[in-house]
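Thank you all for coming.

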Amino acid sequence: MSAITKRLAAAPISWGVCEVPGWGHQLEADRVLSEMTALGISATEFGPAGFLPEQAAQRAEVLKRHNLQAIGGFFPVILHDPSKSPLDVVSAELDAYEAAGASVMVLAAETGVAGYDQRHELDAEGWELFGRNLDAVVKAAADKGIQAVVHPHVGTMIESTSDVNRVLNDTAANLCLDTGHLLIGGTDPALLVRDYASRIGHTHLKDVRKAVAQRVQAGEISYTDGVKAGMYVPLGQGDVGIAGIVRDLLGAGYEGWFTMEQDTIFEAEPTDDGPVQDVRQSVAFLRQLETEIDR
């Protein structure tokens, strides 16, 4: 059995819930979590700070009320600044992860600048500090039974293919395979799976319209404007090749979660079904793929 469905998870960003100031209208947690459950999804990432209660026990209780297992999730942290102590920032969140039974911390290497519309690069000294801090965070998480993975992400310190290779070659950290952000940053996610499947600890499955992604990559439009232009689409409707990537992951023995993400922005509370329409299509695509694999 391929067991995609048993490892199928959602993330609040598919409902437009995002940590970026001014991203758009933020839907209430009860609506988002209820819609996840109604789709038969059994697990979710936490979402940004403020979406779920900060206090660990309350956070766990909210998810329990919606019959959702906690995975962990996207956590921005500055790893390259000598004036910042990432372990101080991470330790409190790890306590909340532990209390909720979460297993994966998805580290985004924050730049210190709000949003994801600027490109940043590190010098040799910055990379050395980055690597030391990253390995320390990975160890601190592992000591609590939690896997910390690095999320290549547009507008963070890990964006380009050379950035990704630095993480793979110079640190012990595993990656979050975010098929959308990798593609936009210039990395072929399918090739990464084939070459480094053993270093993939978590997935964010995104499908992307390559024509829009290439405009973002070229700097013609910002990442935010790309999202507004419909860069992300339901799984199976874009140009990433999600089916082949999932098949290759399973063939390589990947045992983690398949987290659906479709970054989206809303100007106001949706008056129709809203974002759940697209998530429903992504769920149907993965269930159909599972059926085909299991034949």
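Before I name any bridge partners, let me say that two strands are taken to pair if DSSP finds at least two bridges between them, and that helices (H or I, at least four residues) and strands (E, at least two) are DSSP runs, numbered from the N terminus. Please keep in mind that this is a predicted model, in which local features need pLDDT of at least 70 and side-chain atom pairs count only at pLDDT 80 or more, whereas totals for chains, interfaces and linings use all residues. Residues are numbered from 1 along each chain as its sequence is written, and side-chain values use heavy atoms, with hydrogens and water left out.

Let me start with the barrel. Eight strands close into a barrel in the order E1-E2-E3-E4-E5-E6-E7-E10, and their pairing is parallel. From one strand to the next the twist averages 30 degrees, where axes are lines fitted to C-alpha atoms, for helices over the stretch in contact, and angles run from 0 to 180 degrees between N-to-C directions. As a reminder, strands of a sheet pair through backbone hydrogen bonds, either parallel or antiparallel.

Now to particular pairings. Strand E6, residues 174–178, is joined to strand E7, residues 200–205, by four bridges in the parallel sense. Within that pairing, Asp-178 has His-204 of E7 as its bridge partner, and Leu-177 stands opposite Thr-203, also in E7. E7 is in turn joined by three bridges to strand E10, residues 258–260, and these two run parallel; here the bridge partner of Leu-205 is Met-260 in E10. E7 is mostly covered, with six of its six residues buried, where buried means under 20% relative accessible area, exposed means over 50%, and partly exposed lies in between, using a 1.4 Å probe and protein chains only.

Why is E4 described as largely enclosed by the rest of the structure? Because six of the six residues of this strand, residues 104–109, are buried. Both of its faces are covered, with Val-104, Val-106 and Ala-108 buried on one side and Met-105, Leu-107 and Ala-109 buried on the other.

Turning to aromatic rings, a pair is described by the distance of the centres and the angle of the planes. Here rings of Phe, Tyr and Trp (its six-membered ring) pair if their centres lie within 6.5 Å, and planes under 30 degrees apart count as stacked, over 60 as edge-to-face and the rest as tilted. By that rule there are four aromatic pairs. Among them is Phe-46 with Tyr-97, an edge-to-face pair with 5.1 Å centre to centre and 75 degrees between the planes. This pair links distant parts of the chain, since Phe-46 is in the loop between strand E2 (43–45) and helix H2 (56–65) while Tyr-97 is in helix H3 (residues 86–100), 51 residues apart. Phe-46 counts as buried at 4% relative accessibility, and Tyr-97 is buried at 1%. Another of the pairs is that of Tyr-223 and Tyr-232, also edge-to-face, at 6.3 Å centre to centre and 70 degrees between the planes.

Phe-46 has a further neighbour, as the charged end of Arg-59 sits over its ring, 4.7 Å from the centre; the criterion is that NZ of Lys or CZ of Arg is within 6 Å of the ring centre and within 35 degrees of the ring normal.

What about the cysteines? A disulfide is a pair of cysteine sulfur atoms within 2.5 Å, and by this rule the count is zero. The sulfur of Cys-18 has its closest cysteine sulfur in Cys-176, and at 15 Å that is too far for a bond. Cys-18 is buried at 10% relative accessibility, and Cys-176 is buried at 1%.

Finally, is Asn-67 buried or exposed? At 60% relative accessibility, Asn-67 counts as exposed. Its place is in the loop between H2 and E3, and it has a positive phi of about 55 degrees although it is not a glycine.
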